[in-house]
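The stops below proceed from one selection to the next.

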Amino acid sequence: MATDKPRYTVSVDPELFRRIEDFRFERRYQTRSEATVELIRLGLESLKKERGEGE
């Protein structure tokens, strides 16, 4: 499946990999990429709120 979205590779330690996989299966994401993108989005939203930018 071709995409125009930018791509990059990330290396993680085994513990973080396990946590990403747990998140993926708990939330029923079909791919690891979908789960990782959601985790990044959630993290960025959290930082924005923490900084008071979300108000």
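**Stop 1**

Select Leu44, which is found in helix H2; helices are DSSP runs of H or I with at least four residues, numbered from the N terminus. The model is a predicted one, in which local features need pLDDT of at least 70, side-chain atom pairs count only at pLDDT 80 or more, and totals for chains, interfaces and linings use all residues. Residues are numbered from 1 along each chain as its sequence is written, and side-chain values use heavy atoms, with hydrogens and water left out.

Leu44 counts as exposed because its relative accessibility is 54%; exposed means over 50% relative accessible area, buried under 20%, and partly exposed in between, with a 1.4 Å probe and protein chains only. H2 gives the largest share of the patch, three residues.

**Stop 1: along helix H2**

H2 has 19 residues and reaches 27 Å from its first C-alpha to its last, close to the 27 Å expected at 1.5 Å a residue; the expected span is 1.5 Å times one less than the number of residues. A salt bridge is a side-chain nitrogen of Lys or Arg within 4 Å of a carboxyl oxygen of Asp or Glu. Because Glu45 and Arg41 are four residues apart in H2, about one helical turn separates them. After the helix, find Gly52, whose phi is positive, near 80°.

**Stop 2: from H2 to helix H1**

Select Arg32 and Glu21, a salt bridge with the closest N and O atoms 2.8 Å apart. This pair links distant parts of the chain, Glu21 lying in H1 and Arg32 in H2, eleven residues apart. Glu21 is buried, at 12% relative accessible area, whereas Arg32 is partly exposed, at 38%. Next, select Glu15, Arg18 and Asp22, which are linked in a network of salt bridges.

**Stop 3: the aromatic rings**

Finally, select Phe23 and Tyr29, a stacked aromatic pair at 5.8 Å centre to centre with 20° between the planes. Rings of Phe, Tyr and Trp (its six-membered ring) pair if their centres lie within 6.5 Å; planes under 30 degrees apart count as stacked, over 60 as edge-to-face and the rest as tilted.

Note on methods. Helices (H or I, at least four residues) and strands (E, at least two) are DSSP runs, numbered from the N terminus.
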